[in-house]
Amino acid sequence: MTHTAVLDELMTLVDPGKVLTDAASLEAYGKDWTKHFPPAPLAIVFPKSTEQVQAVVRWANAHGVALVPSGGRTGLSAGAVAANGEVVVSFDYLNRILDFNASDRTVACQPGVVTRQLQQFAEEQGLYYPVDFASSGSSQIGGNIGTNAGGIKVIRYGMTRNWVAGLKVVTGKGDLLELNKDLIKNATGYDLRQLFIGAEGTLGFVVEATMRLDRAPRNLTAMVLGTPDFDSIMPVLHAFQGKLDLTAFEFFSDKALAKVVGRGDVPAPFDTPCPFYALLEFEASSEEVASDALATFEHCVEQGWVLDGVMSQSETQLQNLWKLREYISETISHWTPYKNDISVTVSKVPAFLRDIDEIVARHYPDFEVVWYGHIGDGNLHLNILKPEQMEKDLFFATCAKVNKWVFEIVERYNGSISAEHGVGMTKRDYLAYSRSPAEIAYMKAIKQVFDPNGIMNPGKIFAPE
Ligand code: MLT
Ligand code: ZN
């Protein structure tokens, strides 16, 4: 069959006009927020029902066409990039909240529901969907599940995985499976739901997800604290954790702050210049909690771990402090950063940081290095900014060399080369730094079971053989 005939057949499987092949759509839907791989999809298809997703997967098997799932395309590891003539399956039209169960505190969502849409829906019910990050206004639930998205509240609420009560998936063979039936307790063997979370669409596509909600937090209050060095951040974490239940503990460097404040729309937290900043958040549910926080702050100042600090007194101040952290990623995207998303157990962070910092200082003397991340979870974002005049490919190739040494340290500390962004294509060549050969062989064998023809997001997680 010719390409045209194969695409003609695809068009009969979905609603009229729901297969696009124009250059602008191929460009827009063929990529995520990464800039490493030029998009080159064959077509974009927009199914409007589970049956249509199944029909597309069966069609792809019959014709040996590779499929790439596409949500909000906010990924940072090229997990949703179609660079090799794949058909992109967009979930933009599967974007409805289907059901809310007040007693179970669960919401059934189609995969194209935008994260913020779910957060707002939860708020309308007086509840809370706690997985949150800067891209929540565009990212979709299906993509969050595909990457087991983390973000800024993991220290208290965990990752997306913790909030998925049940899934309906279409496997790479085109079968529809209902996984876990939204149960809290279910001891009936392998939990296939968990296998699909973080699988980056390589086993099948999520067509419905039941997400759990939590009680709404009370009087969230943030502090931004300036520290004299890297080494002071973790004692500050431990001091606050000893007194309060933190809902977030983030950090960023002076370079990150300078870029954000340089935008002109976010005020600096205070005047004292500090090399590093911690942003922490807690529920100031009583006077006692607020005074514990202030006493802990004073203790940290006395110990020399904190140079200056500020605490939010209103919702607007809370939002403004969060903008200092949340705007970093988008602000520095202007410099085409080489991104790292690494993690170790929290106890290893101080030594790990010292080793990574040493490598970075030694090998990136000419590049601007921007640190930030979810340090309370042991997750660091190390971003190297491209010098304005340097050619992109040369810049990425230079960074890739240093990256090897960074990942050797990650391996030595038993850490992860991707804490929350996923492996996609940008990290696939480094998987062996975090997973043993035996583990990778088991992972590949699992893929073979769910996707025997290798049509589901090929080239993601594993390098093509
Ligand atoms: C963040 O923590 O801001 C996000 O993971 C995005 C990024 O790392 O750039
Ligand atoms: Zn992050």
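His334 is placed in the loop between helix H12 (328–332) and strand S16; helices (H or I, at least four residues) and strands (E, at least two) are DSSP runs, numbered from the N terminus. The residue is exposed, with a relative accessible area of 52%. On this scale, buried means under 20% relative accessible area, exposed over 50%, and partly exposed in between, with a 1.4 Å probe and protein chains only. The C-alpha atoms of His334 and Pro217 are separated by 34 Å, and the two residues are 117 residues apart along the chain.

The model is predicted, and local features need pLDDT of at least 70, side-chain atom pairs count only at pLDDT 80 or more, while totals for chains, interfaces and linings use all residues. Residues are numbered from 1 along each chain as its sequence is written, chains are lettered from A and ligands numbered from 1 in the order in which they are written, and side-chain values use heavy atoms, with hydrogens and water left out.

The ligand site may be considered next. Ligand 1 is surrounded by Leu76, Arg325, Ser329, Lys339, Tyr372, His374, His381, Glu420 and His421, where a residue is near a molecule or strand if one of its heavy atoms lies within 4 Å of it. Three of these residues place a polar side-chain atom by an oxygen atom of the ligand: the distance is 2.5 Å for Ser329, 3.1 Å for His381 and 2.7 Å for His421. Taken alone, ligand 1 exposes 260 Å², and the protein buries 88% of that; accessible areas come from the Shrake-Rupley method with a 1.4 Å probe, and for residues only the protein chains shown count as cover.

Helix H13 comprises 15 residues (349–363), which at 1.5 Å a residue should span 21 Å; its end C-alpha atoms are 21 Å apart, which agrees. The expected span is 1.5 Å times one less than the number of residues in the helix. The buried residues of H13 are Val349, Phe352, Leu353, Ile356, Ile359 and Val360. Seen down the axis of H13, these residues fall within an arc of 135°, so they line one face of the helix; the arc is that of the directions from the helix axis to the C-beta atoms. The elements against which they pack are helix H8 (233–241), strand S16 (338–343), strand S17 (368–374), strand S18 (379–385) and helix H14 (392–412), with contact meaning heavy atoms within 4.5 Å.

Val57 is located in H3 and is buried, with a relative accessible area of 0%. Val57 and Ile455 are 398 residues apart in sequence, yet 8.5 Å apart in space, C-alpha to C-alpha. Not counting residues up to four places away in sequence, Val57 touches Leu67, Val170, Thr171, Gly172, Lys173, Gly174, Phe205, Ile455 and Met456. Asn61 also lies in H3 (residues 50–63) and is buried, with a relative accessible area of 18%. With the same exclusion of residues up to four places away, Asn61 touches Gly172, Lys173, Asn453 and Ile455. Its side chain makes a polar contact with the side chain of Asn453 (2.8 Å). A polar contact is a pair of N or O atoms within 3.5 Å; within protein, one must be able to donate a hydrogen and the other to accept it, and residues adjacent in sequence count only if both atoms are side-chain atoms.

The segment after H15 contains Asn457, which is buried, with a relative accessible area of 0%. Phi of Asn457 is near 45°, a positive value in a residue other than glycine. Lys181 likewise has a positive phi, of about 50°, although it is not a glycine. Lys181 lies in the loop between strand S9 (176–179) and helix H7 (192–196) and, at 56% relative accessibility, counts as exposed.

Pro464 is found in the segment after helix H15 (437–450) and is exposed, with a relative accessible area of 59%. Leaving aside its neighbours within four places in sequence, Pro464 is in contact with Arg428 and Gly459. The C-alpha atoms of Pro464 and Asp429, 35 residues apart along the chain, are separated by 9.7 Å.
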